[in-house]
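Hello,

I am passing a structure on to you, as promised. Please open it alongside this email and have a look around before reading on.

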Amino acid sequence: MIKKGIRIEALSKRYGKGDTAVYALKDVNMEVAPGEVVGLIGPSGSGKSTLLKCLGAVIEPTAGRMILGDETIYDDGWKVRDLRALRRDKIGFVFQAPYLIPFLDVTDNVALLPMLAGIANADARSKALELLTALDVQHRASAMPSQLSGGEQQRVAIARGLVNRPPVILADEPTAPLDSERAMAVIRILNDMARKFETAIIVVTHDEKIIPTFKRIYHIRDGVTYEEAGEGRGFE
Amino acid sequence: MISLAGRDIMHAWGKFVFTGVGLGLLIGVTLSMAGIYRGMIDDAKVLLDNSSADLWVVQKDTLGPYAEPSSIYEDTWRSIRGMPGVARAANVTYLTMQVREGQRDVRAMITGITAGEPGTPGWPPYLVAGRQITRGHYEAVADIASGFRLGERLHIRRNHYTVVGLTRRMVSSGGDPMVFIPLKDAQEAQFLKDNDAILQQRRRSAANPAFNKPGSPGLLDAVIASQSSNAYVNAVLVQINAGYGVDEVAESIRRWKRLTVYTRSQMEEILVGKLIATSAKQIGMFLVILSIVSAAIVAFIIYTLTLGKIREIAVLKLIGTRNRTIAAMILQQALALGVIGFVVGKISATLFMAPIFPKYVLLEPLDSVIGFMVVMLICVLSSIIAIRAALKVDPAEAIG
């Protein structure tokens with residue numbers, strides 16, 4: 001039993017009612033320890049996105065339990081009043097495309113989250129620069145997103161996901177637009193950051209190149225998950 | 001917290017500035033329309049101010065001399081001059097027509113003024129060049145807006161007049177510049193017929209047995225003489241003595257002379273409330289239409305800009321940005337667009353539109369303040385559609 005990270009128990013998500021009801025998730029169980037990076041793999045329509053949205057507190061599950069760190073955030077109903085603040089402070093997101101805000105420079109793209117949390121601009125920028133340095137993109141701190149390469153953009157997006165030190169990061173196909181070398185670099189960074197900041201990271205992927213790097217993999221099909229040990233030959 | 005709206009504007013400043021300039025030209029037209037309306041009212045007030053009159057005595061039951069034709073006998077002024085409280089009384093005629101000078105002609109209001117000195121009712125109160133009329137015939141003082149210059153010869157009906165003086169801001173309520181000429185010349189100009197018509201009238205009078213009786217020698221000559229001269233003027237302008245009330249003197253003239261008399265405030269009401277009322281309504285309608293068009297343009301621009309940022313807005317919502325922060329960003333952009341538009345509009349109306357417009361355009365500071373507030377209000381209202389669209393964005397769209 002993990003102490004922090006994220007754990008979900010018997011999580012279900014149903015769309016519609018009665019005869020037209022469709023279960024996108026059926027009694028899904030999953031747990032990811034702090035510092036661990038797990039893969040979530042499944043074909044299209046298997047329920048990956050639905051699970052990610054439930055984990056990200058974007059849509060409400062129908063039943064089950066979700067524990068984030070020490071806090072039960074869902075138990076047959078939301079236990080957290082401000083889901084917006086929950087997403088801002090306790091969940092980091094990394095998307096398939098970086099989706100950086102095009103009118104903010106690299107530093108402010110990362111510093112925006114702490115600023116939204118009420119941290120002073122100077123302190124937020126300081127935190128951002130610290131992370132950009134850790135991810136080796138500090139030299140592009142004042143560049144605009146359009147001036148960055150794909151790999152640099154994704155590293156900035158990872159910095160944004162990490163900046164509020166969330167207990168969990170949800171990464172949705174973070175390597176999809178990248179070539180093999182850059183994809184492996186991103187996975188290496190995610191592993192490094194997970195260990196460094198004690199963050200649980202769930203990586204949704206189709207990318208066969210990176211699947212062998214996971215120690216544990218959750219497969220999902222028709223809304224049901226099962227776990228298998230990965231090759232785990234990754235980045236110890 | 002950084003200004004998201006400010007950063008977005010700075011990021012795409014070219015798009016914002018060009019959009020603001022386009023909107024500004026529309027706002028400039030709107031401000032100019034308001035200025036035209038103010039100019040019309042000012043023209044009407046200037047017409048009354050510069051006539052130096054306290055009372056306008058006109059034909060009974062008419063709204064003359066500016067809003068309706070008015071005709072009173074030319075010696076009426078003498079009996080009015082003798083009434084208690086009257087300091088000065090002077091005849092005046094008004095006739096709007098084309099005045100020719102060389103190859104060009106200018107629409108002007110020909111004003112016939114009596115002999116006198118500066119300060120006489122109807123006289124131009126000040127000159128910017130030359131001198132006042134000193135001769136009884138064929139001299140003119142023109143408003144500088146007519147384009148006439150000192151020494152030029154004007155062609156009014158069959159006579160030529162030399163411009164001896166130039167004045168300023170002497171215009172009719174329609175904005176036509178005034179040309180002052182001696183009263184007798186103006187009376188003749190009002191009723192002058194062509195030679196064929198005069199000969200024809202003489203023949204008719206001679207053929208009429210009532211005017212050509214063998215027992216009344218001289219009758220026909222007297223009739224013909226009366227037919228070829230004009231003994232009427234349009235109004236008598238009256239200045240009253242200090243210590244007398246305008247209403248008191250006006251009532252006295254109404255009672256004893258059986259004429260209609262207007263005070264300054266009544267005449268202003270006729271000019272502003274009746275004479276330019278239709279024009280004012282037309283301008284008001286244009287203002288409303290332009291305001292609606294401006295609102296539609298701002299709404300469309302802000303909505304389009306917002307739709308272009310749907311993915312960013314979804315990401316912002318997903319990472320915990322409050323709805324009010326997103327709404328504020330859109331609202332601030334709309335207001336910024338309004339400010340850019342207003343500044344461009346004000347500059348274009350003041351420097352480019354008003355100076356070249358053929359009518360007097362009076363841009364009042366208060367109108368600018370009101371205009372600015374209306375533009376801001378329109379921007380706020382126009383941003384509502386975009387804000388609604390942004391708030392409907394599902395943060396899940398960022399995940400896919």
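Below is what came out of going through the model.

A word on conventions first. This is a predicted model, in which local features need pLDDT of at least 70 and side-chain atom pairs count only at pLDDT 80 or more, while totals for chains, interfaces and linings use all residues. Residues are numbered from 1 along each chain as its sequence is written, and chains are lettered from A and ligands numbered from 1 in the order in which they are written.

Let's start with chain A. It holds 6 helices and 10 strands (DSSP runs numbered from the N terminus, with H or I of at least four residues for helices and E of at least two for strands). The radius of gyration of chain A, taken over C-alpha atoms, is 17 Å, close to the 18 Å from the globule rule for 236 residues, so chain A is as compact as a globular protein of that length (the rule is 2.2 Å times the number of residues to the power 0.38). Its C-alpha trace spans about 55 × 40 × 35 Å along the principal axes.

Within chain A, 4 strands make an open, antiparallel sheet in the order β2-β1-β4-β5 (strands pair if DSSP finds at least two bridges between them). β2 (22-32) and β5 (71-75) of chain A are the edge strands, each with a single partner, so one side of each has no neighbour in the sheet. From one strand to the next, the twist averages 20°. Strands β1 (residues 6-15) and β4 (residues 63-68) of chain A are joined by 5 bridges, and Glu9(A) has Arg65(A) in β4(A) as its bridge partner. Helix α1 (residues 48-55) of chain A lies across β1 and β2, at about 60° to β2(A) (axes are lines fitted to C-alpha atoms, for helices over the stretch in contact, and angles run from 0 to 180 degrees between N-to-C directions).

How many residues does each chain bring to the contact? Chain A gives 24 and chain B 18, where contact means C-beta atoms, placed from the backbone, within 7 Å. On chain A's side, α1, α2 (83-90) and α3 (106-116) each supply at least two residues.

As for chain B, an unreviewed UniProt entry annotates residues 285-395 as "domain: ABC3 transporter permease C-terminal"; such annotations may be inferred rather than shown by experiment. That span is 85% helix and 0% strand, and its end C-alpha atoms lie 44 Å apart.

Best wishes

Technical notes
Contact = placed C-beta atoms within 7 Å.
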